[in-house]
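Biologist: Let's go through this one together. I'll ask where each label comes from, and you tell me what backs it up.

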Amino acid sequence: MTSVTSRSPDYTAGVIFRGVGEGRPYPDHGLTQSQWAKLPPQQVRLDTLTTVKRQLDLASLLDDDSTFYGDLFPHVVSWQGELYLEDGLHRALRAALHQRSVLHARVHEMGDDE
């Protein structure tokens with residue numbers, strides 16, 4: 001398992017994400033791109049998300065065509081009461097830079113048996 005940096009007492013005001021992780025703390029869900037595409041997008045607050053990527057590629061963040069080959073909506077995994085941003089870190093940061101506190105994402109609810 002990988003570590004997740006959660007909120008500390010001084011990490012409360014004006015945050016973008018709930019936490020910043022390094023890797024996926026949840027088991028492999030095995031969803032394909034076509035299975036993700038079947039999940040309807042829903043609004044998710046940025047400050048409820050924990051990222052699973054610690055690194056950011058600035059060129060991808062600034063690229064107008066960054067979603068050309070991928071899903072238009074970020075992928076979020078709901079596991080054990082937490083929301084993990086699996087794919088779409090650059091889109092989420094772009095939303096935050098535009099002063100938006102929510103984004104539309106596809107959310108996969110993982111059960112304890114997965």
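Modeller: Bear in mind that this is a predicted model. Let me start with helix H3: seven of its nine residues are buried, so the helix is largely enclosed by the rest of the structure.

Biologist: Which residues of H3 are the buried ones?

Modeller: They are Leu-89, His-90, Arg-91, Ala-92, Leu-93, Ala-95 and Ala-96.

Biologist: Take Leu-93, then. Why is Leu-93 called buried?

Modeller: Buried means under 20% relative accessible area. Leu-93 has 15% relative accessibility, so it counts as buried.

Biologist: What makes a group of residues a nonpolar core here?

Modeller: The residues have to be buried, of the nonpolar kinds on the list, and joined through side-chain atoms within 4.5 Å. The largest such core has 13 residues. Those with the most contacts inside it are Phe-17, Leu-46, Leu-49, Val-76, Leu-85 and Ala-92. Helix H3 (89–97) and strand E7 (102–109) are the elements that give two or more residues to this core, and the largest share, four residues, comes from H3. Apart from it lies another core of seven residues, including Val-52, Trp-79, Tyr-84 and Met-110.

Biologist: And which residues is Val-76 in contact with, leaving aside its neighbours within four places in sequence?

Modeller: Trp-36, Leu-49, Leu-83, Tyr-84, Leu-85, Ala-105, Arg-106, Val-107 and His-108.

Biologist: How do you know that E4 and E6 pair?

Modeller: Two strands pair if DSSP finds at least two bridges between them. Three bridges join E4 (residues 49–51) to E6 (residues 82–87), so the pair qualifies, and the strands run parallel. Leu-49 stands opposite Leu-83 in E6.

Biologist: What about E5 and E6: parallel or antiparallel?

Modeller: Antiparallel, with five bridges joining E5 (residues 75–79) to E6. There, His-75 stands opposite Asp-87 in E6.

Biologist: Where is Gln-80 found, and what is its phi?

Modeller: Gln-80 is in the loop between E5 and E6. It has a positive phi of about 50° although it is not a glycine. The hairpin of E5 and E6 has two residues between the strands.

Biologist: Why is Gln-80 called exposed?

Modeller: Exposed means over 50% relative accessible area. Gln-80 comes in at 56% relative accessibility, so it counts as exposed. Then there's Gln-99, in the loop between H3 and E7, with a positive phi of about 65° although it is not a glycine. Gln-99 has 72% relative accessibility, so it counts as exposed.

Biologist: Why is Glu-82 called partly exposed?

Modeller: Glu-82 has a relative accessible area of 22%, so partly exposed is the label it gets. This residue is found in strand E6. Not counting residues up to four places away in sequence, Glu-82 touches Arg-18, Thr-50 and Val-77. Glu-82 and Thr-50 are 32 residues apart in sequence and 7.7 Å apart in space, C-alpha to C-alpha.

Biologist: Which residues line the largest cavity?

Modeller: Thr-51, Val-52, Lys-53, Leu-85, Glu-86, Asp-87, Gly-88 and Leu-89 line it. E6 gives the largest share of that lining, three residues. By class, the lining has three nonpolar, two polar and three charged residues.

Biologist: Stepping back, how many helices and strands are in the protein chain?

Modeller: Three helices and seven strands, following the pattern β-β-α-β-β-α-β-β-α-β along the sequence. Of the chain's 114 residues, 33% count as buried. Among contacts with a separation of 6 or more, 78% are between residues 24 or more positions apart.

How values were computed. Residues numbered from 1 in each chain as written. Predicted model: local features only at pLDDT ≥ 70, side-chain atom pairs only at ≥ 80, totals over all residues. Heavy atoms only, no water. Buried < 20%, exposed > 50% of the residue type's maximum accessible area, 1.4 Å probe, protein only. Contact = heavy atoms within 4.5 Å. 1 Å grid on protein atoms, 1.4 Å probe; cavity = no way out; pocket = protein on both sides within 12 Å on 5 of 7 lines; lining within 4 Å. Nonpolar A, V, L, I, M, F, W, Y, C, P; charged D, E, K, R; others polar.
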